[in-house]
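Hi everyone, thanks for coming. I'd like to walk you through one model today, so please have a look at the screen.

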Amino acid sequence: MPGPTSNRLGPRTRATFTRAELAAWHGAAVDDLVDERVRILFVGINPGLWTAAVNAHFARRGNRFWPALHTAGITPRLVDVSDGMNEQDRELVLGLGVGITNIVSTASARADELSLEELHAGAQELEAKVRRWKPRVVAVLGLTAYRQAFAKPKAVQGRQEDRLGDAELWVLPNPSGLNAHETIDSLARSYRRAWEAAFSS
């Protein structure tokens, strides 16, 4: 299996995978998207298999993260990473002060496959990353996973009283298509509030 820094698609221009090919990416890691310009760090639960295969966050077609960022006015155009992230899109996103990581770094078909032990360990790793990278805002995308990972069973969506490292902490809706309670517009409104907090004052 290729390592997380490999060019996983090679010369292909359109990503297509069989179910068996995707299954082979179970347990693979995905590179964090972050540099010293980060102001807001979006945190997924863990990578899906498609994301692992193309080494790009929220890559599965039907995931609403990138459409929500565009609808929110955070990105000036729709970023499509379903075939992987090219250098132009990478520089666009990083230049906007956006970083992306996950609570748990390794891929699975569904987030509910993760154990509590994996989530707790991931929360500790995330806090270490936040202290190292120093974003102004951390936005965890998934209330249930946040409650489990950080042992906060009564947490609600929105800005939290707690901080993570020195960062303001937000818990926002998961953009997965499985989250039927949210639309691209409702996700955009939530993400925009956290984005504005990262650039205020």
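Let me start with a question: which residues does valine 34 touch, not counting residues up to four places away in sequence? The answer is Leu94, Gly99 and Trp133, where contact means heavy atoms within 4.5 Å. Valine 34 sits in the loop between α1 (19–23) and β1. Because its relative accessibility is 17%, valine 34 counts as buried; the cut-offs are under 20% relative accessible area for buried, over 50% for exposed, and partly exposed in between, with a 1.4 Å probe and protein chains only. Isoleucine 100 is 66 residues away along the chain from valine 34, yet their C-alpha atoms are separated by 6.4 Å.

A word on what we are looking at. This is a predicted model, with local features needing pLDDT of at least 70 and side-chain atom pairs counting only at pLDDT 80 or more, while totals for chains, interfaces and linings use all residues. Residues are numbered from 1 along each chain as its sequence is written, and side-chain values use heavy atoms, leaving out hydrogens and water.

Now the overall picture. The protein has seven helices and five strands, which are DSSP runs numbered from the N terminus (helices H or I, at least four residues; strands E, at least two). Reading from the N terminus, the order is α-β-α-α-α-β-α-β-α-β-β-α. A compact globule of 201 residues would have a radius of gyration near 17 Å, and the 16 Å of this protein agrees with that; the radius is taken over C-alpha atoms, and the rule is 2.2 Å times the number of residues to the power 0.38. The C-alpha trace spans about 45 × 40 × 35 Å along its principal axes. Of the 201 residues, 51% count as buried. Among contacts with a separation of 6 or more, 73% join residues 24 or more positions apart.

On to the inside. A nonpolar core here is a set of buried Ala, Val, Leu, Ile, Met, Phe, Trp, Tyr and Cys residues joined through side-chain atoms within 4.5 Å. The largest one has 43 residues, and those with the most contacts inside it include Ile40, Phe42, Trp66 and Tyr191. Several elements each supply at least two residues of this core, among them β1 (40–44), β2 (98–102), β3 (137–141) and α7 (184–199). The largest share, seven residues, comes from α7. There is also a second, separate core of 25 residues, including Val38, Val43, Ile45 and Leu169.

Back to isoleucine 40: what is it in contact with, leaving aside its neighbours within four places in sequence? The partners are Gly97, Val98, Gly99, Val137, Ala194, Trp195 and Ala198.

Next, alanine 72, in the loop between α3 and α4. Alanine 72 is buried, since its relative accessible area is 10%. Beyond its neighbours within four places in sequence, alanine 72 contacts Ala188 and Arg192. Valine 54 lies 18 residues from alanine 72 in sequence, and 25 Å from it in space, C-alpha to C-alpha.

Finally, two backbone spots to look at. Lysine 134, in the loop between α5 (116–133) and β3, has a positive phi near 60 degrees, and is not a glycine. Lysine 134 counts as exposed because its relative accessibility is 60%. Alanine 151, in the loop between α6 (143–149) and β4 (158–164), has a positive phi near 55 degrees. Alanine 151 counts as exposed, at 55% relative accessibility.
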